[in-house]
Structures are given as structure tokens and as C-alpha cells.
2 protein chains.
Amino acid sequence: MEFSSKLLENAVNEMSQLPGIGKRTALRLVLHLLKQPEERTSFLSQALMNLRSGINFCASCHNISDTELCEICASPKRDESIVCVVEDIRDVMAIENTSQYIGLYHVLGGKISPMEGVGPQNLNIASLVNKVKKGTVKELIFALSSTMEGDTTNFYIYRQLEGLEVTTSTIARGISVGDELEYTDEVTLGRSILNRVPFESSIKAN
Amino acid sequence: MEFSSKLLENAVNEMSQLPGIGKRTALRLVLHLLKQPEERTSFLSQALMNLRSGINFCASCHNISDTELCEICASPKRDESIVCVVEDIRDVMAIENTSQYIGLYHVLGGKISPMEGVGPQNLNIASLVNKVKKGTVKELIFALSSTMEGDTTNFYIYRQLEGLEVTTSTIARGISVGDELEYTDEVTLGRSILNRVPFESSIKAN
């Protein structure tokens, strides 16, 4: 792509560093900004800079938070004895949206992935183990995505917790509510049969 | 979507103002920036701000340019007697990529679209008519997209040029090179038959 302006080329190059944004999309976004009033661009730039420089993570669960302790960790209504282990803030938001969970969270910040150079030391695992060692946590719910990396991370943490008094569980894998049996992949269908639940509890959930 | 941080919410809101970027995608992009070194965010913000404040349009063709006259308008190799009328800089880049055109351009900055509140006075039409009035332009090629708005704009300009000595043409509409006849829409196929070209000239083009 040849540009008639260095400034334009620069902006498009920077924009296209974002995941899923190619050069063409970047050009479209940048041209859109040029058509908008100048404030739009400065609002966007400022919001990004403010976030990057002022970003703070909850001292307890490592979720993004403007305060020392995040709202969830600071709330007296939440059950401190249950901790749900998730990859990032999007998972916290997804689970919070269900309004079904009253425990706390622990945000790892990623999954163990040797391919991408992410080891246990790059994740918030040590602080999780320390939290469990203090003795207030009774149950740990693993809610990582069920990929090779997710399973590896679950297992690594599980091994670190050996000898500590804590129950571990993972969120249920099965067929999505409303999905057709025939279109479900075999692994999911297989797991949903192995991990079947008493009919009474499925009535209660509805 | 509920956010645990005002800074994060702000950044996501600003990002999701961009076309084609919803809240979820915006969150993904912003979280990506958070994982990158701080320079990445400041490079992006700076590049956008620099572009927005330093942007300059070619005095002759209104293309984006860092200099008073853009490279194309300033080049002595280009044929001043042919002017191709396009919507925005992306069309200039697309036509330049073909290396088939040696004339100049005129960037309108949009199409007449009453639905979006874009009238002739919002586009660079007056300067195009003035350019033609000076008498150096012999041919005007309309290269707007063939939508209702594109056709309206073409026709509006055509009427403005009445009485002036200039040939007008539009780029050829037809079946894309390599496409199958049976999958072509009727309008395109119909036009390609009406506007058929001598076989000899199609051989030359190859």
C-alpha cells in the first residue's frame, strides 16, 4: 500500500498493529476519524493514554479496577470462601452477567502457553496459591477455556495446591441451552453424558 | 456491559465509536493494548493526533498530502488534460495500483446523499467546475461507485458542466476478469452486453 502522506501512513501502520485490524480496515478507521470533528480523535487518544498510564489492578484478584480493591473483592455480600479462577476481565464480566455467582474471582492474566512464551511465572498463580494457604478459601472453581493451554494451566495450579485443604471444581461442559443434539461435537456430547446431573437439579436451575 | 473501571469504560466507549467496532471488539482491542508495552499506546495516540492536527489536503485535487500540491498533481509526467473524479483517497490508491492511469484526480470527499445530509455544497464540486472552466481539462472520468448516490453525484456534476468544452466518461461496468457468466447479476451482465467493446481492443488490454 502506497500512501500520499507520511502522517496518514504512520497512523494506519499504528492502527493495524491491533489484533484483527488489517491495513485496509485501519485506513477505513483513520479516514473515518478525519471526517469527524477533531475532538473525537483527541477523546480517543486521551482515553487510551489515560487508561494505559492510570491502569490499576485489584490487589486481591488482579481484575482491572480504579480502586485498591475492586468492587467485587470489597463487597461484604460476596462469599469469600469460593474463588473462581478466570483468564481475564472479559470472563469476569461474562460470569457477572449471569447473576448466578456470589463468590470472588482470581484473574490469572492468561494461560500457560509455551508456544507464546507464557510460563507460570508470567501469570498470577503464586498469589492464588498464597490466598489458598491463608485458609479462608474452601472451593476453587476453574473457569478457563477448555483448550490444551487451559487444561495445562488448571493442572499446574491443581498440582501447586497439593496438600492444601481446598476443594477444586471446573465449570460444567455440555450442550448449550437451546442447542440441537445432532449438531454437537462428539467430545462435548460425550462429556455431557459422562457428567450427567440428577434431573431434579436441572428442574431447579430453570 | 458493566465495567469494573471508569478508565476502561471510557476507552472502550471511545473505541467503539469507530465504524464496525462494537463494544466487545473495542474491549478486546483495549485489553490488547494493556498487555503491550506502554509505548505502543502512546505511539498509536500520537500518530492519530499528529494526523488529525497536521492533516493537509492537496490544493488542486483535495487528496490527502503532506505538501501543498500532492505528488501526483506536482508530477510533470502526468497528463493534466484528463481528470478522474473519485470519492476518496482509497479510490485514488486503488486506481494508482493498477498503473494504467496517467491523468490527474479530483477527490470529492463523498457522494451526494440527502439521507446522510450530504449535499453538493459539502463536496469539492465547485473547485472541480472551476478547474474545468480554466480550459486545460479535456476529459473527465467519473469513477464513483455505481450506487444511487454515485449516479446522482455524477449527474449533478454533469449538469454543472453544461456549455463547457469537456468530454465526460465513466469507468466501464462489466463482468470482473476471471468471473463466471452464470453467477453475474443481471444488471451487470446487461450493461456488459450493451457496452461491448471491439474484440481487437480487448486483445490489446491483455
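A salt bridge here is a side-chain nitrogen of Lys or Arg within 4 Å of a carboxyl oxygen of Asp or Glu. By this rule there are two salt bridges between chain A and chain B, and the count over all chains comes to 12. The model is predicted, so local features need pLDDT of at least 70 and side-chain atom pairs count only at pLDDT 80 or more, while totals for chains, interfaces and linings use all residues. Residues are numbered from 1 along each chain as its sequence is written, chains are lettered from A in the order in which they are written, and side-chain values use heavy atoms, with hydrogens and water left out.

**Contact between chain A and chain B**

- Chain A brings 52 residues to the contact and chain B brings 52 residues, where contact means heavy atoms within 4.5 Å.
- The size of an interface is often given as the accessible area lost when the parts come together.
- About 5100 Å² is buried between chain A and chain B, and carbon and sulfur atoms give 70% of that area; buried area is the accessible area (1.4 Å probe) that two parts lose on being put together, summed over both.
- Of the area that chain A buries against chain B, 13% is supplied by Leu34(A), Leu48(A) and Arg52(A), more than by any other three residues.
- Between the two chains, 15 residue pairs are in polar contact, with both residues at pLDDT 80 or more; a polar contact is a pair of N or O atoms within 3.5 Å, and within protein one must be able to donate a hydrogen and the other to accept it, while residues adjacent in sequence count only if both atoms are side-chain atoms.
- On the side of chain A that touches chain B, α1 (6–15), α2 (23–35), α3 (38–54) and α5 (89–98) of chain A each supply at least two residues; helices (H or I, at least four residues) and strands (E, at least two) are DSSP runs, numbered from the N terminus.
- The largest share of that side, 15 residues, comes from α3(A).
- The residues of that side divide into 26 nonpolar, 15 polar and 11 charged; Ala, Val, Leu, Ile, Met, Phe, Trp, Tyr, Cys and Pro count as nonpolar, Asp, Glu, Lys and Arg as charged, and the others, Gly among them, as polar.
- Glu14(A) and Arg40(B) meet through their side chains in a salt bridge (2.9 Å, N to O).

**Salt bridges within chain A**

- Side chains of opposite charge can pair when their charged atoms come close.
- Glu87(A) and Lys111(A) form a salt bridge, with their closest N and O atoms 3.5 Å apart.
- This pair links distant parts of the chain, 24 residues apart: Glu87(A) is in the loop between β1 (79–86) and α5, and Lys111(A) is in the loop between β2 and α6 (126–133).
- Both Glu87(A) and Lys111(A) are buried (buried means under 20% relative accessible area, exposed over 50%, partly exposed in between; 1.4 Å probe, protein chains only).
- Asp88(A) and Arg90(A) meet in a salt bridge (3.1 Å, N to O); Asp88(A) is buried at 11% relative accessibility, and Arg90(A) is partly exposed at 33%.

**Positive phi angles**

- His62(A), not a glycine, has a positive phi of about 65°; His62(A) sits in the loop between α3 and α4 (71–74) of chain A and is buried, at 19% relative accessible area.
- Ser99(A), not a glycine, has a positive phi of about 55°; Ser99(A) lies in the loop between α5 and β2 (103–107) of chain A and is exposed, at 63%.
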